[in-house]
Amino acid sequence: MKIWVDADACPQVIKEILFRAAERCQIPLTLVANQPLATPPSRIIKSLQVRSGFDVADQAILEKVETGDLVITSDIPLAAAVIDRGGQALSHRGELFTTENIRARLNVRDFLDTLRASGVNTGGPPALSQSDRKAFAGHLDKLLASGSRAGGEPSQ
């Protein structure tokens, strides 16, 4: 198992949780972004800077993700593509995307995009809360534990 982070919009507090978890479990972690990112000194934590552009970081992640890998993203289309490739996707708010819920999440996203395109202000997401951080850390721990028990591949 490897962890890939769609890092352009990932809050620093979530990155810190990921850094600690990667070191604790010795699981390779790569932050992918179109800007330089600071990472702690580590042999398993890296950053990959991609060129600027729409979905460039997403495409870089999809080129590298393998079955059993975990992708941290709040990008619903990226999460759907990761699931289709046999990976797992977790939002930085702690929502685990699955084959059972991803289509509904895509439908809601598309509906909100349509509303915004017609001029309706749908507002932005709320600030990351303590319960979001706790939900993220809890799901991450479960995924990493199941991945290590299954010889590197998370159980479904």
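**The cysteines and strand β2**

Cys-10 is buried, because its relative accessible area is 8%, and the cut-off for buried is under 20%. The model is a predicted one. Cys-25 has a relative accessibility of 32% and therefore counts as partly exposed.

The cut-off used to call one is a sulfur pair within 2.5 Å. For Cys-10, the closest cysteine sulfur is that of Cys-25, and it lies 17 Å away, so a bond is ruled out by distance. Starting from Cys-25 leads back to Cys-10, again at 17 Å and too far for a bond. The search of the whole structure accordingly reports zero disulfides.

Next comes the loop between α1 (12–25) and β2, where Gln-26 is placed. Gln-26 has a phi near 55°, which is positive although the residue is not glycine. Its relative accessible area is 40%, so Gln-26 is partly exposed.

Strand β2 covers residues 29–33. Five of its five residues are buried, so β2 is largely enclosed by the rest of the structure. The cover applies to both faces: Leu-29, Leu-31 and Ala-33 are buried on one side, and Thr-30 and Val-32 are buried on the other.

At 15% relative accessibility, Thr-30 is buried, because the cut-off is under 20%. Leaving out residues up to four places away in sequence, Thr-30 touches Ile-3, Trp-4, Val-5, Lys-46 and Leu-48.

The strand pairing gives a setting for part of that list. β1 (residues 3–6) pairs with β2 in the parallel sense, over four bridges. Across this pairing, Trp-4 stands opposite Thr-30. Getting from β1 to β2, the chain passes through α1, and this β-α-β crossover is right-handed. β2 also pairs with β3, again in the parallel sense, over five bridges.

Beyond β3 (45–49), the loop to α2 (56–64) holds Asp-55. Asp-55 is another residue other than glycine with a positive phi, in this case about 60°. With a relative accessible area of 31%, Asp-55 is partly exposed.

A compact globule of 156 residues would have a radius of gyration near 15 Å, and the chain has 15 Å, so the two agree. Along the principal axes, the C-alpha atoms fill a box of roughly 45 × 35 × 35 Å. Of the 156 residues, 40% count as buried, and the five residues of β2 are buried too. Among contacts with a separation of 6 or more, 50% are between residues 24 or more positions apart. The chain exposes about 8,400 Å², with carbon and sulfur atoms supplying 53% of that area.

Methods. Residues are numbered from 1 along each chain as its sequence is written. This is a predicted model: local features need pLDDT of at least 70, side-chain atom pairs count only at pLDDT 80 or more; totals for chains, interfaces and linings use all residues. Side-chain values use heavy atoms; hydrogens and water are left out. Buried means under 20% relative accessible area, exposed over 50%, partly exposed in between (1.4 Å probe, protein chains only). Helices (H or I, at least four residues) and strands (E, at least two) are DSSP runs, numbered from the N terminus. Contact means heavy atoms within 4.5 Å. Two strands pair if DSSP finds at least two bridges between them. A crossover is right-handed if, with the strands pointing away from the viewer, the path from the first strand over the helix to the second runs clockwise. The radius of gyration is taken over C-alpha atoms; the globule rule is 2.2 Å times the number of residues to the power 0.38. Accessible areas come from the Shrake-Rupley method with a 1.4 Å probe; for residues, only the protein chains shown count as cover.
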